Every structure is written in C-alpha cells, then in structure tokens.
Amino acid sequence: MIRIYHNHRCSKSRATLALLEGREVEVVDYLDAPPDADELKQLLKLLGIPARQLLRSGEAVYRELGLADPALDEDALIAAMVAHPILIERPIVVANGKAMIGRPPEAVLAIL
C-alpha cells in the first residue's frame with residue numbers, strides 16, 4: 001500500500017499523485033486530517049530528516065510563530081506542524097517502509 005499526504009491545491013502534490021496512478025494509493029488530505037505528533041515523528045524517521053527540514057518556511061504562519069528561531073527543538077517544531085498542518089512540506093509518499101517528499105514529483109519513484 002502506498003500512502004500520500006496530499007494537498008489538492010498544490011501542483012507538486014497533484015503531479016506526484018498522477019505519477020502514482022494505477023497503483024493502490026491511500027490519499028491523506030493532511031490539511032483536513034492532520035497527522036498527530038507521533039505520526040509526524042514516524043514520518044521524519046522514515047524520511048531521515050529533522051523536523052526543521054519538513055517545515056515550509058515560506059508560509060506566513062512560519063514567520064508569525066517565529067519558527068526560524070534555531071533555539072526551537074524538534075518537539076516545538078513538530079507541535080507547530082500539528083497545530084498548523086499548512087507548515088508541512090508536501091507531498092509525502094510512504095511506500096515499502098520508506099518515505100520521500102515529492103519535490104520533484106519523480107523523486108518518489110525511488111521508493112516504489
């Protein structure tokens with residue numbers, strides 16, 4: 001089973017979903033059903049990146065919350081993403097015990 005954390009308003013997310021066409025895919029609209037802290041920690045582990053690298057720094061809420069502060073730890077950044085899922089980089093595809101961010105969309109093909 002392939003899972004994609006998807007935002008239908010995002011062109012990269014739509015392009016990644018199109019690449020998965022023909023496969024059994026669970027689509028998670030993470031803005032409507034955001035992952036909790038434990039799920040985000042698991043995704044970060046699968047991605048092999050720290051929380052800061054999953055943040056969308058161009059979002060207004062990123063600046064409003066002062067998330068550029070290097071003193072903020074993993075738990076604080078994860079809590080911000082749980083409270084404001086728009087901060088989560090997208091799309092994220094999970095397959096075969098691995099995860100990949102679809103930027104560019106073709107990057108996810110490496111884990112299929």
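**View 1. Salt bridges across the model.** Six salt bridges are found in this structure, each being a side-chain nitrogen of Lys or Arg within 4 Å of a carboxyl oxygen of Asp or Glu. The model is predicted, so local features need pLDDT of at least 70 and side-chain atom pairs pLDDT 80 or more, while totals for chains, interfaces and linings use all residues. Residues are numbered from 1 along each chain as its sequence is written, and side-chain values use heavy atoms, without hydrogens or water.

**View 2. A salt-bridge network.** Here you can find Arg56, Glu59, Glu89 and Arg103, linked in a network of salt bridges. The closest N and O atoms of Glu59 and Arg56 are 3.1 Å apart; for Glu89 and Arg103 the value is 2.8 Å. Glu89 lies in the loop between α4 and β3, and Arg103 in the segment after β4, 14 residues apart. Helices (H or I, at least four residues) and strands (E, at least two) are DSSP runs, numbered from the N terminus. Glu89 is buried at 15% relative accessible area, whereas Arg103 is partly exposed at 34% (buried is under 20%, exposed over 50%, partly exposed in between; 1.4 Å probe, protein chains only).

**View 3. Helix α2 meets helix α4.** Residues 37-47 (α2) and 74-83 (α4) pack at about 115°, with axes 9 Å apart; axes are lines fitted to C-alpha atoms over the stretch in contact, and angles run from 0 to 180 degrees between N-to-C directions. Look for the salt bridge of Lys41 with Asp75, whose closest N and O atoms are 3.5 Å apart. This pair joins α2 to α4 across 34 residues.
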